Amino acid sequence: MTLGAEFFARSVHEVAPGLMGAPLLVDGVGGRIVEVEAYHHEDPAAHSFRGRTARNASMFGPPGRAYVYRSYGIHWCVNFVCEPGSAVLVRALEPTDGLELMQARRGVGEPRLLCSGPGRLCEALGITREHDGLALDAPPFELRAAAAETEIATARRIGITHAADLPWRYVERGSRFLSRGVPRA
DNA sequence: CTACCGATCGCCT
DNA sequence: GGCGATCGGTAGC
């Protein structure tokens, strides 16, 4: 089942765990979501916290679309927009489709290093500013509900300074494809 | 394995 | 002018 606007028009805290194990493809390349982080509009760590700007405009648009931003001037990161001002940051995938293309784009051979981080997975899937604001239930995106239930663990978010203690990171327990700094318990 | 550093863009004070 | 929802390389234990 394709995940569209209806799925995302809810609290980010319901949507985030609901994405675990969901296949995400861009032009047929991608894998299963194994790590995400929730960003609520009242969260000091969210880009939307201080209001709308040209960069974060997509966060205030319709649910079920992509919000893509530049991180540290180098990497791209992709979010799924939920209720206005809130979004889910996709942090890691378990690669399943288009391994060769991902390896070529990343310049790495090890499957484990292809999509284990928000910047890495965008490079592997070819996600850039071009994808900002695009609907997730239409090409080039392909996002479906998880085929099976997976065991979810929560953890503190990383890489941020505000409200870093909130347990709003969701990971698939035991996955070998999580980003750096994640306890795999 | 952990720790630090540089790269470099866009928004902020 | 500062700093971040990051990553890869290098140094050191």
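**Helix packing, core and cysteines**

Trainee: In which kind of crossing does helix 3 pass helix 4, left-handed or right-handed?

Mentor: The model is predicted. Within it, the axes of helix 3 (residues 99–106) and helix 4 (residues 118–125) come within 7 Å and cross at roughly 115°. The crossing in which helix 3 passes helix 4 is right-handed.

Trainee: How many charged residues does the contact of helix 3 with helix 4 have?

Mentor: From helix 3, Met102, Arg105 and Arg106 take part, and they meet Arg120, Glu123, Ala124 and Leu125 of helix 4. Sorted by class, this contact has 3 nonpolar residues and no polar ones, and its charged residues number 4.

Trainee: Which residues touch the most other members of the largest nonpolar core?

Mentor: This core has 36 residues. Phe80, for example, has contacts beyond four places in sequence that include Leu24, Arg65, Ser86, Val88 and Leu136. In the largest core, the residues touching the most other members are Phe8, Leu19, Ile33, Phe80, Leu125 and Leu143.

Trainee: How many disulfides does the structure hold?

Mentor: Cys77 counts as buried because its relative accessibility is 5%, and Cys122 is buried at 1%. A disulfide requires cysteine sulfur atoms within 2.5 Å. The cysteine sulfur closest to that of Cys77 is in Cys122, 5.9 Å away, which is too far for a bond. Cys122 is likewise in no disulfide, and the number of disulfides in the structure is 0.

Notes
Residues are numbered from 1 along each chain as its sequence is written. Chains are lettered from A and ligands numbered from 1 in the order in which they are written. This is a predicted model: local features need pLDDT of at least 70, side-chain atom pairs count only at pLDDT 80 or more; totals for chains, interfaces and linings use all residues. Side-chain values use heavy atoms; hydrogens and water are left out. A nonpolar core is a set of buried Ala, Val, Leu, Ile, Met, Phe, Trp, Tyr and Cys residues joined through side-chain atoms within 4.5 Å. Buried means under 20% relative accessible area, exposed over 50%, partly exposed in between (1.4 Å probe, protein chains only). Contact means heavy atoms within 4.5 Å. Axes are lines fitted to C-alpha atoms, for helices over the stretch in contact, and angles run from 0 to 180 degrees between N-to-C directions. Helices (H or I, at least four residues) and strands (E, at least two) are DSSP runs, numbered from the N terminus. A crossing is left-handed if the near helix is turned anticlockwise from the far one by less than a right angle, and right-handed if clockwise. Ala, Val, Leu, Ile, Met, Phe, Trp, Tyr, Cys and Pro count as nonpolar, Asp, Glu, Lys and Arg as charged, and the others, Gly among them, as polar.
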